[in-house]
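Biologist: Please show me the model, and let us then go through its architecture by question and answer.

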Amino acid sequence: MKFHSLLTALLAIGCFCGLVRPTLADADLLTVGSPAPALDVEHWVQDGKGKFKPVTKFESGKVYVVEFWATWCGPCVMSMPHLAETQHKYADQGVQIVSISDEDLETVEKFLERAVPQRGPAEDAQEPAKQTFRELTSAYCLTTDPDQSSYQSYMNAAAQGGIPTAFLVGKTGLIEWIGHPMQMDEPLAAVVDGNWDREKFASEFKPAQLAEVTRQKVMQLASEQDFEGALKVLDKALQEGGTLELKNLKLQLLLISKKTEQAITLTQSLFVEMADNPEQVNALAWNVFEMSSRGAEGIEKIVDASIEAAMAAAKKSQGELKGSILDTAAHLHFIQGNLDEALALETEAAKLVGPDDRYVANFLKELQEAKAASEQDK
């Protein structure tokens with residue numbers, strides 16, 4: 001897995017620009033087990049062909065799916081058939097799906113007139129049957145709330161940054177589950193049947209949610225160039241059992257703050273913690289490569305530790321994962337000026353990932369050309 005964090009990209013250009021959302025106080029966090037906020041939706045565009053009425057307060061004994069979407073969001077659009085099927089399935093079991101966009105009414109109306117892409121020809125027909133998104137979504141409540149009041153009450157309050165996101169509101173008006181609507185079948189069935197273990201899910205969900213709240217606070221402070229304040233927030237979260245993602249974030253802050261010795265110590269401890277997870281090792285090692293290639297200073301020891309950890313992880317891996325890890329190690333060797341080591345590792349990586357991985361193929365070609373050029377200079 002190859003990635004670079006938002007913070008790394010911002011550090012690369014020497015500033016923290018762009019919009020940062022207001023951060024939450026932990027006490028204000030909307031989470032699993034919280035009372036579901038009342039809905040204040042402006043436009044109810046679809047109502048299940050008259051089956052459902054607009055919702056403000058949630059009725060006791062009923063189950064609601066409050067889902068957030070947008071016309072421009074591909075995964076949201078892909079979830080629509082599933083939402084329609086789910087509403088049909090539970091329509092007579094006290095379940096109501098309310099899907100909320102924050103776009104203007106005209107944008108949503110135009111979208112609904114579009115034809116739904118067909119996956120294949122309809123049975124007993126020479127051409128695919130044409131269905132509009134208006135027809136597809138007619139099974140459930142599709143709405144839009146341009147003033148974003150509902151988005152603020154749910155998405156922002158729960159520190160959820162991506163759509164589609166669904167909130168399951170149970171029979172007592174409490175939030176039972178939060179997640180992607182394509183993953184809600186099992187929790188929804190359990191909530192309807194009265195078998196849902198809210199506490200168990202909350203124990204898994206809340207740590208990640210609190211980590212996201214911390215990340216937002218850190219990004220806010222970093223955008224104000226308050227790196228010391230950001231590190232204090234991270235340290236407090238890590239003392240309470242913060243996630244690996246937050247430890248990665250701390251590493252980046254230490255580097256931009258030029259606290260190199262602390263960064264080295266943290267890197268070494270992270271690789272020890274990740275030793276049994278080659279994918280995590282690969283992700284951190286690649287992050288180190290990106291930080292180094294973007295000009296981070298004084299991290300030679302961190303690069304050395306990353307190469308050592310990557311090679312150990314490669315020994316525990318096989319196939320494409322091993323190839324990806326070797327590619328990371330090759331990049332790290334290359335920035336250190338170790339051309340022969342980089343070329344040997346990338347040659348092996350190319351055999352493992354196959355010819356379709358153009359990224360590896362292109363880097364291998366780059367290394368081969370660099371090797372040829374160096375031999376000509378001798």
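Predicted model: local features only at pLDDT ≥ 70, side-chain atom pairs only at ≥ 80, totals over all residues.

Modeller: Residues are numbered from 1 along each chain as its sequence is written, and side-chain values use heavy atoms, with hydrogens and water left out.

Biologist: What is the order of the strands in the open sheet of six strands?

Modeller: Helices (H or I, at least four residues) and strands (E, at least two) are DSSP runs numbered from the N terminus, and two strands pair if DSSP finds at least two bridges between them. Strand 2 (residues 63-68) and strand 3 (residues 95-101), for instance, pair in the parallel sense over six bridges. The pairing in the sheet as a whole is mixed, and the order is 1-4-3-2-5-6.

Biologist: Which residue in strand 3 is the bridge partner of Val65?

Modeller: Val65 has its bridge partner in strand 3. That partner is Ile97.

Biologist: How many residues does the largest nonpolar core have?

Modeller: A nonpolar core is a set of buried Ala, Val, Leu, Ile, Met, Phe, Trp, Tyr and Cys residues joined through side-chain atoms within 4.5 Å. Buried means under 20% relative accessible area, exposed over 50% and partly exposed in between (1.4 Å probe, protein chains only). Leu39, Phe58, Val66, Tyr154 and Phe167 have the most contacts inside the largest core. The number of residues in this core is 56.

Biologist: Is Thr132 buried or partly exposed?

Modeller: Thr132 lies in the loop between helix 3 and helix 4 (133-136). Contact means heavy atoms within 4.5 Å, and Thr132 touches Leu112, Glu113, Arg114, Ala115 and Val116, not counting residues up to four places away in sequence. The C-alpha atoms of Thr132 and Arg114, 18 residues apart along the chain, are separated by 5.4 Å. With a relative accessible area of 23%, Thr132 is partly exposed.

Biologist: How far apart are the end C-alpha atoms of helix 11?

Modeller: The expected span of a helix is 1.5 Å times one less than its number of residues. Helix 11 (residues 278-293) has 16 residues and should therefore span 22 Å. The model agrees, as the end C-alpha atoms are apart by 22 Å.

Biologist: How many of the 16 residues of helix 11 are buried?

Modeller: Helix 11 is mostly covered. Its buried residues include Pro278, Trp286 and Met291.
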